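Here is a short briefing to read with the structure open beside you. Please keep the viewer handy as you go through the topics.

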Amino acid sequence: MPLPGVCWFLCCRQGFSLLGRDYGEKEEEESFELRNKEDLTPTGRCPAEVTVSQPTRTANGTNGHTVSEASEEMKSPIIEKSKMGQEDDNELLVKGWLLLEVRGNWIKQRRYWFVLGQDSLDYYSSPEKGARRLGTLVLTSLCSVIWPDKQTYKERGYWSITVYGRKHCYRLYTKHFNEAVHWACAIQKIIDTKAPVETPTQLLIRDIEENKFHPEVVEHIYQHNPILKYTQGPLYAPLLPFPYGSLEHTYHSGKGYGSVREEAVKLFNCLQQLESAREPVPIIQGVLQTCLDLRPLRDEVYCQLVKQTSYTPAPYTAAHLRYWQLLTCMSCTFLPGAAVLKYLRFHLKRIQSQSPESEMDNYASFISEALEKTKCRECVPSWEEIQMLMSRQEMLCTVHYPGPGSCQLYISSHTTASEVVRRIQEKLGLQESRNTFALYEQNALWEQPVAGGALIADILTSLTTKESESKSQWKLCFKLYCLLDADGISVDSVEYLLLFEQCHEMVVRGQLPADGEDLQALAALRLQCLMGDFGTHSPCPPLDELFPSHGLEARVLLSLSAGPQAPPPCPVAAPGCPAAQRFPTGLLAGALWSHAATAAHKQRVEHDLRLRSRLKEEAAAVMGAILERWKGLSGYSRRDSMAAYLAIARQWSGFGCTLYEVDFYISSTGSFSQKLWLGVAATSVSLYRQGEAEALECFPYGQICSYGVSDSNTFKITAGDRDLLFETTKLTEIMQLMNAYFSAIHRQRGKADDVESAIVEGTEVGFRRMASTLAPALLELPSHPV
């Protein structure tokens with residue numbers, strides 16, 4: 001033996017050999033007594049020793065029969081450490097009549113006399129001395145109390161509290177709210193005084209950690225405690241302690257989960273199904289989804305997987321490797337707690353030393369590396385990612401550029417958006433650019449920048465989910481984020497092409513204020529750039545890819561409004577109309593109403609047909625004008641076309657800014673709002689009327705004192721003595737972009753030590769305050785740090 005204390009340890013832990021029972025047997029076959037430090041027997045038995053007692057077969061105590069003093073509730077397979085100090089009985093003792101929900105052939109309520117003691121909640125047939133005790137619920141730190149709620153009171157007319165124990169669940173009712181709260185407080189106070197309990201698995205994990213440098217001791221622990229080793233039988237209790245109670249009162253109630261303890265046992269059954277499953281991916285996804293929803297189960301699943309990969313009868317079979325594949329997926333999705341993480345690392349090193357140059361060794365090495373990089377995931381890995389992880393490979397990711405271009409990169413489960421942006425910049429030769437770039441989630445109508453720390457695997461999974469829900473195509477796009485130096489971009493560079501494509505996106509979306517002539521010229525230059533010189537048989541893109549369609553519709557609607565007015569949606573008399581002008585009651589009224597509604601519907605149909613016809617005419621006229629301009633561009637090269645296009649776009653004073661649609665509140669009380677564009681640029685923030693080129697107001701960054709989120713959907717900018725309030729759904733994007741520009745300005749000035757940034761708590765969540773014209777520190781960019 002390496003240490004003199006090992007002999008003492010083997011004697012003291014000999015009781016754990018009794019845990020080596022087959023988990024195919026029922027849990028009630030044996031149990032462990034609760035012992036405190038004060039419970040030392042005259043024989044000198046160690047307080048940490050676990051002893052076994054056979055439970056007496058008595059009634060549960062809920063059907064009116066007498067329960068023996070050693071109730072089934074007392075016989076728990078969980079070991080409790082010494083209790084903390086408790087207050088006097090007089091302060092905690094509560095007695096009174098309560099209604100108890102009794103479940104039999106039907107649910108009913110019965111009135112009992114309840115007594116709350118230091119260790120249990122008991123109920124009796126009456127308050128008289130010597131009355132029969134009908135039931136007992138032992139209180140430990142794992143018990144839980146559900147407080148009274150209004151919904152139950154509305155449904156039943158009683159205030160309800162629910163107490164969960166290991167074997168029993170008491171649903172208690174009273175007509176008085178104060179009484180219900182008093183009982184709930186008292187029971188919770190008793191629970192809070194109980195010391196945390198530990199399962200045998202936890203104690204054994206601690207013993208292994210303490211003796212990890214003594215292989216003989218560790219081997220002895222494993223050999224004498226089958227609970228740590230592979231089993232083919234079911235598990236009847238979780239390996240780690242979980243609070244008693246269901247999830248009905250949580251936001252997980254709609255997902256069909258039972259209690260955490262029940263779900264832990266079900267997960268072990270799912271793990272065992274992996275051995276015989278033809279397709280393991282659905283099972284793996286189900287286990288990962290449960291762990292994502294129920295955070296406490298993550299450590300439990302890790303312990304179960306360590307158990308099932310220890311001392312396996314056939315370790316090199318494909319069935320057994322399924323456990324390693326799930327452990328690989330877990331290690332790339334969730335990090336275990338500190339104690340379980342140490343236990344897992346020890347297990348991986350032990351496997352590598354016992355089975356070198358094997359598949360288990362390869363999986364253990366991969367998992368060890370993954371644990372160094374893993375962050376908690378927001379989504380369960382996709383089918384494709386799980387298949388790649390099972391074979392320990394990387395998956396292919398497609399990133400699109402503005403326009404038709406794209407590239408493919410290999411990514412792992414730990415690759416972030418910042419890393420992808422950096423790799424694409426290196427691939428395109430954009431490392432020296434003064435402008436910054438980001439990844440965007442994008443479809444035909446919507447886009448959003450991706451945070452720099454976001455995991456690409458999570459983004460791809462979310463895009464797949466969005467595609468299935470919205471039936472539209474989503475993609476990951478690499479774009480310019482902060483346009484800091486538009487003039488310094490070389491005409492022959494890839495960056496110039498990106499600028500051209502993003503500028504055209506703004507034009508098509510109607511976010512570049514310009515008159516009809518300029519818009520037609522831009523569309524013609526776009527055709528010249530894409531198709532070259534005009535030809536009779538040249539294919540032509542649809543008009544909505546060249547010209548802002550909403551501007552066309554607005555012009556048609558304006559022309560129609562000058563003519564006959566559109567019919568009202570329904571000929572209903574106004575509330576202020578005299579009664580004589582309304583339809584009379586009776587059969588004639590119904591006939592007249594039906595005739596009027598039919599006529600109104602007919603007018604609306606005619607109006608819609610007229611609108612469609614005018615739209616077609618206007619679109620044909622605009623397309624004809626664009627084609628005529630295209631003919632006049634003969635001989636323009638692609639480079640010349642892009643340069644001419646951007647020259648027209650640069651005429652707008654807000655060129656290069658990012659526009660956000662906001663509701664601007666003119667008064668501080670939140671009234672008199674109007675829809676505007678908020679333009680965030682490299683040097684200032686401006687306000688525009690939608691479609692107008694001139695800014696209503698412009699605020700250079702030097703005049704901005706603070707900015708941030710003032711409530712859930714309101715953005716606030718303080719410029720001088722003015723407070724500007726904007727209501728928008730793009731709060732985070734505006735905040736991040738302004739942070740990025742401020743940080744870039746600050747970097748260019750080289751005054752890192754002078755930055756003063758404060759986060760004001762309260763209603764102004766995430767507010768940034770600056771000293772004079774200096775920028776706040778950058779919190780997080782959608783791409784690489786500026």
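Is W474 buried or exposed? W474 counts as buried, because its relative accessibility is 12%; buried means under 20% relative accessible area, exposed means over 50%, and partly exposed lies in between (1.4 Å probe, protein chains only).

This is a predicted model, in which local features need pLDDT of at least 70, side-chain atom pairs count only at pLDDT 80 or more, and totals for chains, interfaces and linings use all residues. Residues are numbered from 1 along each chain as its sequence is written, and side-chain values use heavy atoms, with hydrogens and water left out.

**Aromatic rings**

- Rings of Phe, Tyr and Trp (its six-membered ring) pair if their centres lie within 6.5 Å; planes under 30 degrees apart count as stacked, over 60 as edge-to-face and the rest as tilted.
- The count by this rule is 19 aromatic pairs.
- One of them joins W446 and W474 edge-to-face, with 5.4 Å from centre to centre and 65° between the planes.
- This pair links distant parts of the chain, 28 residues apart: W446 is in the loop between β14 (436–442) and β15 (447–449), and W474 is in the loop between α15 (456–470) and β16 (475–482).
- Helices (H or I, at least four residues) and strands (E, at least two) are DSSP runs, numbered from the N terminus.
- W446 counts as partly exposed, because its relative accessibility is 30%.
- Elsewhere, Y112, F114, Y123 and Y170 are linked into a cluster by ring pairs.

**Charges over rings**

- A charge sits over a ring if NZ of Lys or CZ of Arg is within 6 Å of the ring centre and within 35 degrees of the ring normal.
- R111 has its charged end over the ring of W97, 4.1 Å from the centre.
- R350 lies over the face of Y222, 4.3 Å from the ring centre.

**Helix α7**

- Buried residues of α7 include V260, A264, L267, F268 and L271, along with R261, E263 and Q272.
- Among the elements that cover these buried residues are α8 (281–293), α9 and α10, where contact means heavy atoms within 4.5 Å.

**Positive phi in loops**

- Most residues other than glycine have a negative phi.
- Y311 has a positive phi near 55° and lies in the loop between α9 (297–308) and α10 (318–331).
- Y311 counts as partly exposed, because its relative accessibility is 31%.
- E357 also has a positive phi, near 60°, and is in the loop between α11 (338–354) and α12 (359–373).
- E357 counts as exposed, at 75% relative accessibility.
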